[in-house]
Amino acid sequence: MQTLADLESEYSFLEGDDRYRLLIDLGRELEEMPAPLKTDATLVRGCSASVWVYPAAREDGTLHFLANSNAAITKGIIALVLLTVQDQPPAKILATDIPGALAPFDLSKQLSSNRTQGIPNMIALIRETAARYVAG
């Protein structure tokens, strides 16, 4: 998967439909999330599409997230969010300005509010997960 900086550079040169295609392609690159993990417990509330996020602590202390959605563009947004936090230590995740990292993509202007309304909830879930590991 590309770095967020590489993706930002590519995204900035694109317009409208090409940006949608890029997000859809990015979503297709998400690691497969097994169906048994798509439960009510992993469902992100407040998203117009169904979004599931499953965190797993790795032996090295980093957090790895599996995530999926039933909507192609939403999967791309999930992939963008995960690029900011994937396989990082919980303390680093808490210190990451995820909305700031996503700001150059200007998703609220590119996508309908229905597509972006769940982003803060997904970020909150990731941060709450990281906080539990830091406190635990």
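The crossing of α1 and α2 is right-handed, a term used when the near helix is turned clockwise from the far one by less than a right angle. The model is predicted, with local features needing pLDDT of at least 70 and side-chain atom pairs counting only at pLDDT 80 or more, while totals for chains, interfaces and linings use all residues. Residues are numbered from 1 along each chain as its sequence is written, and side-chain values use heavy atoms, without hydrogens and water.

**α1 and α2**
- Helix α1 spans residues 4-12 and helix α2 residues 16-28; helices are DSSP runs of H or I with at least four residues, numbered from the N terminus.
- Their axes come within 10 Å and cross at roughly 155°, where axes are lines fitted to C-alpha atoms over the stretch in contact and angles run from 0 to 180 degrees between N-to-C directions.
- α1 and α2 are therefore roughly antiparallel, meaning an angle over 145 degrees.
- Leu7, Glu10, Tyr11 and Ser12 of α1 meet Arg19, Leu22, Leu23 and Leu26 of α2, contact being heavy atoms within 4.5 Å.

**α2 and α3**
- The axes of α2 and helix α3 (residues 72-85) come within 7 Å, crossing at roughly 75°.
- This makes α2 roughly perpendicular to α3, the term for 65 to 115 degrees.
- From α2, Tyr20, Leu23, Ile24, Leu26 and Gly27 take part, meeting α3 residues that include Ala72, Ile73 and Lys75.

**α3 and α8**
- Helix α8 (residues 119-135) and α3 have axes that come within 11 Å and cross at roughly 30°.
- The crossing of α3 and α8 is right-handed.
- Ile77, Ile78, Val81, Leu82 and Val85 in α3 meet Ile119, Met122, Ile123 and Ile126 in α8.

Key
Helices (H or I, at least four residues) and strands (E, at least two) are DSSP runs, numbered from the N terminus. Angles under 35 degrees count as roughly parallel, over 145 as roughly antiparallel, 65 to 115 as roughly perpendicular and the rest as oblique.
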